[in-house]
Structures are given as C-alpha cells and as structure tokens.
Amino acid sequence: MIHCWVGLGDGGELTLPAAVGWKFCYGTDTPCDSFFLRCLWERGQERLLSAACRFYAEWEGNRVFTGVVDEFAVICGKDGLCLELSGRGMAALLLDNEAMPAEYQRCTRADIVADHVAPYGVEAVGGGELPAVSGFTVSSGESEWSVVRRYACYYGGIVPRFDRMGRLVLDPPGDGRELCVREGGGVTGWEYREERHGVLSQVAVRRRTTWGTQWVSDPAFQAQGGRARKIITVPNTMGTAAMRYTAGYQLRAARRERVRMRLTAAGAFLAWPGELVSVELDGFGANGQYRAAQTEVRCDGDGLTTTLVLGETDAMI
C-alpha cells in the first residue's frame with residue numbers, strides 16, 4: 001500500500017487520498033528522479049493544493065520518494081473526480097536555480113555545499129574523500145546542479161545522486177543488496193543493447209605549451225576492435241597525477257552507456273540505482289552481474305511492475 005502526502009509552503013502537511021495509479025522513476029543523473037500520482041479526490045481543497053511544494057511517499061512503512069511538486073490537476077470525468085500530481089526529485093531545486101559566477105582560489109566540499117546546496121534547504125551527506133580543487137570557476141548561466149556535478153564527477157570521480165529521503169549523496173554507490181533475476185521469476189520482458197559509437201579506446205591529456213602528455217587506454221575495448229581517441233589540452237600548471245585522472249575520467253564517462261540491459265518484472269521497488277543485479281536467463285549469452293542505473297516502478301492496469309536499466313558494474317552510472 002502506497003501512502004503519500006504533500007508539504008505546504010507554510011510548513012503544514014496534507015495527506016493525499018488513496019492512490020489508484022502511480023509511477024516513480026529513479027536515476028543517478030539527469031533527468032532527475034520523477035513521480036506521477038493519480039488518486040481519488042473530493043471537492044473543497046483545490047486552493048489548498050496551490051501551496052503544495054513538496055511530495056513524500058512511503059511503501060510498506062519505508063520512504064520511497066521525496067521531491068518537489070511541479071504540477072497538479074483536479075479532473076472530473078466519467079470515472080468521477082480524481083487528482084493528478086506530478087513532480088521531480090530534490091535535484092530539481094539545483095537544476096532550476098542558476099549559480100552565482102565565482103572563482104575559488106581553493107574549492108572544497110564544504111564550499112560547494114555551503115554555496116550551491118544548503119541555500120535551497122537540501123541536506124548533503126558523504127563526500128569526505130572529495131579533493132580540494134585549485135582555481136575552480138563557476139561560469140555565468142551555470143545551474144547549481146552543474147556546479148555540483150562538475151566538481152564531484154570531474155575532480156572526484158563520483159556521480160552525485162539523491163536518496164529517497166531527498167538528501168544529496170556525494171559518496172560512490174555501495175553494492176547494497178543484490179537482486180537475482182531468473183527466468184520465470186516474474187520477468188515479463190527484457191532487452192539487451194551494446195553501443196560502440198562514442199566509446200573511447202584511448203585518451204591523451206597534454207599541457208598547453210610545454211611537453212608532457214599522459215595516455216590512458218581501455219584494453220578491453222581495444223581488444224574488441226575499438227579505435228576512438230580523444231586529446232585534451234590542459235593548463236601547464238596541472239600535475240601529472242591530475243592529468244592521468246582526467247584521462248581516466250574521460251574513458252569511464254564515455255563507456256557509461258556502452259552496455260545497457262532493460263528488463264521488467266512483477267513487483268515493486270525490486271532494486272535501487274547503484275545496487276547490483278545478477279541476471280540468470282535461460283540460454284542468454286550475457287548472463288552475469290550488472291549494476292542498476294535507472295529504476296521505474298509503476299502501478300497501473302498491469303499491476304505492480306519494476307523496470308530496471310542495467311549497466312556494467314564498474315562503469316559510471
């Protein structure tokens with residue numbers, strides 16, 4: 001049973017009636033998490049919904065969504081009166097707000113949170129291993145989410161994400177529980193896809209005017225015939241270790257969607273983004289361990305279903 005309520009602008013809350021249909025989508029990047037809810041409705045509180053700015057949902061007593069209300073509609077039709085509510089995860093607050101241009105002589109995790117996260121009422125957890133960055137610049141027109149993502153991904157190798165409590169998580173995804181998907185275990189459909197276009201086999205990072213180039217390669221992709229090189233020019237002040245990391249980041253980012261498996265199974269909230277999923281389908285040539293990149297959970301005429309988008313365990317998700 002799903003239990004949903006909204007937070008009002010004045011700090012109050014409004015419990016929503018019984019839901020007749022819903023969908024929750026989760027990921028680790030853009031587009032951010034989203035929700036759609038259809039529930040029964042009685043006239044009289046339509047204006048109160050104008051102040052609804054936050055959305056919360058629980059499934060069997062556990063929080064499964066915290067987000068921002070984007071739109072609502074009260075609809076009267078042949079099926080009676082119902083309310084439709086939709087919105088996004090808390091990342092919407094960072095996506096919708098433009099960052100103030102700035103230049104940091106030395107930018108730390110604390111600076112990023114204090115200047116680009118906390119002002120919007122968003123709590124941040126983790127990130128203790130993120131490095132201090134010299135000469136970090138925030139460009140005009142850049143969103144707060146872009147600032148956070150660029151700092152965490154490019155300099156720390158971590159894709160920032162939001163948990164079901166609405167907190168910004170700055171740690172790498174943990175393995176968590178592992179779901180095992182077998183033939184006949186409620187699987188209603190699946191699709192396996194590999195994409196070579198855009199995947200890099202080699203990256204070179206060179207200093208702007210002085211000698212010194214760092215090369216990083218992907219031997220596995222090269223063994224499969226991959227031939228795609230990228231050359232990046234960086235300031236002379238960048239150290240050798242940082243250059244090597246920059247090259248490695250580009251390789252990982254390029255193969256982010258190299259392998260994608262999409263499968264749908266009966267049941268709700270079978271796995272969360274970042275968790276491991278073991279696939280054991282009869283006669284399938286790519287059985288093995290994957291990592292969930294996206295999750296979609298819905299309740300409609302087909303009942304409760306979870307659709308998972310899976311990727312390689314060591315790729316950025």
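A contact, as the word is used in these legends, means that heavy atoms lie within 4.5 Å. This is a predicted model, in which local features need pLDDT of at least 70 and side-chain atom pairs count only at pLDDT 80 or more, while totals for chains, interfaces and linings use all residues. Residues are numbered from 1 along each chain as its sequence is written, and side-chain values use heavy atoms, with hydrogens and water left out.

**View 1. The chain as a whole and its contacts.** Among contacts between residues at least 6 apart in sequence, 65% join residues at least 24 apart. The chain holds 5 helices and 21 strands, where helices (H or I, at least four residues) and strands (E, at least two) are DSSP runs numbered from the N terminus. Of the 317 residues in the chain, 45% are buried, a word that stands for under 20% relative accessible area with a 1.4 Å probe, counting protein chains only.

**View 2. Strand β3 beside strand β4.** Strand β3, which covers residues 19-26, pairs with strand β4, residues 34-40, in the antiparallel sense over 6 bridges; two strands are said to pair if DSSP finds at least two bridges between them. Within this pairing, Trp-22 has Leu-37 in β4 as its bridge partner.

**View 3. Strand β3 beside strand β20.** Strand β3 is also joined by 5 bridges to strand β20, made up of residues 288-300, and the two run antiparallel. Here Cys-25 stands opposite Glu-296, a residue of β20.

Conventions:
Buried means under 20% relative accessible area, exposed over 50%, partly exposed in between (1.4 Å probe, protein chains only).
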